[in-house]
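Hello,

Here is the structure I promised to pass on. Please have a look at it first, and then read my notes below.

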Amino acid sequence: MGKYILRRLIQTIPVLIGISLVTYGILRIAPGGPTSRFAQNPRITQAQIDAFKHRWGLDDPIPIAYLKWLGVLGDQPPLINALPGGTLNIAGLSITLPGGDNGILHGDFGFSVADGRPVTAVIADRLWPTVILAGTAYVIWVLLALILGVYAAVRRYSFFDSALTIFNYIGYSLPTFWLGLILITLFSQGTPFKWFPAGGMWDPRTVPIFGTSDYWAFFGQKPFAALGDLAYHLALPVFTLVIVNIAFDSRFIRASMLDALNQDFVRTARAKGVTERRVIFRHALRNALLPVVTNIGLEIPFLFTGAIVTETIFSWPGMGRQFIEAVGHFDYPVLMGILIVTAVIVVGANLVADIAYAIVDPRVQYD
């Protein structure tokens, strides 16, 4: 197993390089760019725009710019070689550039074009809110889908099975943005229910900003109040993600479980007098989980990309919302940083799914 994991990790290197090359090229040839926001500002001259492009390495040919962003070429643009405390002046606005870097191969993703902060700091600020939202929704919907799918397979063609099928069709056809807006209208701003907040991650009147030193000090003094406020704001976005995703997974688990229940080894176990509970959970479920593990493992990266709409609707300060903001500002370094982090999550999720095969099915051999 150790050799297999090492071999897979080595195989991910060319995959990640290929993904970064394609996404970087697409971003650079896309219409617009970071300087497009200056087009309607008469205070900014062409000389200042040219200086801005040179400062951020936007005037380099795409292959050269990519290699500099990667950290292969030693002649990086001035931005990447910015000294600690360096200053960027644009249209009279002075932006301090903390630290310096040499490309992502040296652990630095550059600086945000929008606010001048390191990309790693921008992503770090938004990563944990996304992990909290997506992780909570993922755990809830996988557990519920497993329970509902297995129960529907065991009670095939019953009223519960028919009701779950109808629910699955409705849930699977609901657009995320529409469901989120309906929930806000019904349970936040509409009548007669006003149970949950319309958006945000915390109540600024009672809880400090999440992730700050003030928040952790408050958390240390009143952990239940902090967790309660977080759960209160998680309710609607988590419910949205669960409803949309549980429909497909419960249907998939039901089909896989039905296939396992019709196998010869299940009939043999029943003929030997094995109890029905043991047949379901010891024999059928374990074999049914093999394709399910692949499915739910590959859904992990889609959580982060699918959370873009949910985070935008509910004003959740996560990576998805940051991605939308970076697109609006043509913030190439932040966009590349988020895309690379997502690519790493996709590759990691595939590796975890493959390892889970061996845990679920001992017949799988990797050596």
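A word on terms before the findings: a contact, or touch, means heavy atoms within 4.5 Å. This is a predicted model, in which local features need pLDDT of at least 70 and side-chain atom pairs count only at pLDDT 80 or more, while totals for chains, interfaces and linings use all residues. Residues are numbered from 1 along each chain as its sequence is written, and side-chain values use heavy atoms, with hydrogens and water left out.

The chain has 12 helices and two strands (DSSP runs numbered from the N terminus: H or I of at least four residues for helices, E of at least two for strands). Along the sequence, they follow the order α-α-α-β-β-α-α-α-α-α-α-α-α-α. Of the 367 residues, 44% are buried, that is, under 20% relative accessible area with a 1.4 Å probe, protein chains only. Among contacts with a separation of 6 or more, 66% link residues 24 or more positions apart.

Now to the inside. The largest nonpolar core holds 38 residues, and Trp141, Leu234 and Met257 touch the most other members. Such a core is a set of buried Ala, Val, Leu, Ile, Met, Phe, Trp, Tyr and Cys residues joined through side-chain atoms within 4.5 Å. Elements giving two or more residues to this core include helix H4 (119–154) and helix H10 (276–313), but H8 provides the largest share, 12 residues. Leaving aside residues up to four places away in sequence, Met257 touches Val150, Ala153, Ile280, Ala284, Leu285 and Ala288. A second, separate core has 24 residues, including Tyr24, Phe52, Ala65 and Met336.

Best wishes

Technical notes:
Buried < 20%, exposed > 50% of the residue type's maximum accessible area, 1.4 Å probe, protein only.
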